Amino acid sequence: MPLQTHTEARSAVSMIDASIEEQVHGRVRPGSSEARLLLAQARNAAYAQAAQGRLGDGVALLCNALEMAPMSVDLLSDVGALLLAAGQLQEAALYAHRAVLLSPQHAPSLYTLGFALSGLGEVKAAIEVLTLLSEGEALETLRRDSPELMPIVETELLRLRAA
């Protein structure tokens with residue numbers, strides 16, 4: 001399937017934003033299958049925007065979705081991941097930390113938080129977070145969902161411990 005044109009992508013984002021806006025204003029019941037579908041569409045559209053180099057549009061879309069579901073670990077984690085990719089380390093750490101507070105073993109959030117802290121020079125905190133990611137439920141999730149990230153985490157932990 002060919003990449004969407006810029007106009008088509010903007011149109012898709014606008015439609016999803018409008019759907020999210022409807023949900024925020026009570027036209028869609030929170031937690032309903034329609035609400036979950038809208039959140040999934042927002043996440044997919046945000047990553048599509050990011051893949052086309054429009055990280056800011058992706059982050060904006062996810063932040064709009066967060067208005068609908070402010071306690072969504074997946075949305076918080078996704079915002080953090082896109083901010084990390086954009087080099088916005090402080091903001092990435094804040095979103096990832098909020099997600100980890102809600103779900104302490106959430107592997108994607110631990111990954112984002114660990115690398116954001118590392119980039120910020122918070123070595124001790126980064127070691128703690130990446131060590132958590134290398135244990136228990138978080139490690140199992142990482143192995144299952146993103147095994148290609150395991151050597152990256154291990155390498156970063158070794159680097160940080162040697163610092």
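This report walks through salt bridges in a predicted model.

Side chains of opposite charge can pair when their charged atoms come close. In this structure, the count comes to 6 salt bridges.

| Salt bridge | N to O distance |
|---|---|
| R43 and D78 | 2.4 Å |
| E140 and R143 | 2.9 Å |
| R159 and E156 | 2.8 Å |

Let's begin with R43 and D78, whose side chains meet in a salt bridge. This pair links distant parts of the chain: R43 sits in helix α2 (residues 33-51), D78 belongs to helix α4 (residues 73-85), and the two are 35 residues apart. R43 is partly exposed, with a relative accessible area of 29%. D78 has 6% relative accessibility, so D78 counts as buried, the limit being under 20%.

Next comes helix α8 (residues 136-145), where E140 and R143 are 3 residues apart, which means about one helical turn separates them. E140 is partly exposed at 43% relative accessibility, and R143 is also partly exposed, at 41%.

Helix α9 (residues 150-162) holds both R159 and E156, again 3 residues apart, about one turn of the helix.

Key
Residues are numbered from 1 along each chain as its sequence is written. This is a predicted model: local features need pLDDT of at least 70, side-chain atom pairs count only at pLDDT 80 or more; totals for chains, interfaces and linings use all residues. Side-chain values use heavy atoms; hydrogens and water are left out. A salt bridge is a side-chain nitrogen of Lys or Arg within 4 Å of a carboxyl oxygen of Asp or Glu. Helices (H or I, at least four residues) and strands (E, at least two) are DSSP runs, numbered from the N terminus. Buried means under 20% relative accessible area, exposed over 50%, partly exposed in between (1.4 Å probe, protein chains only).
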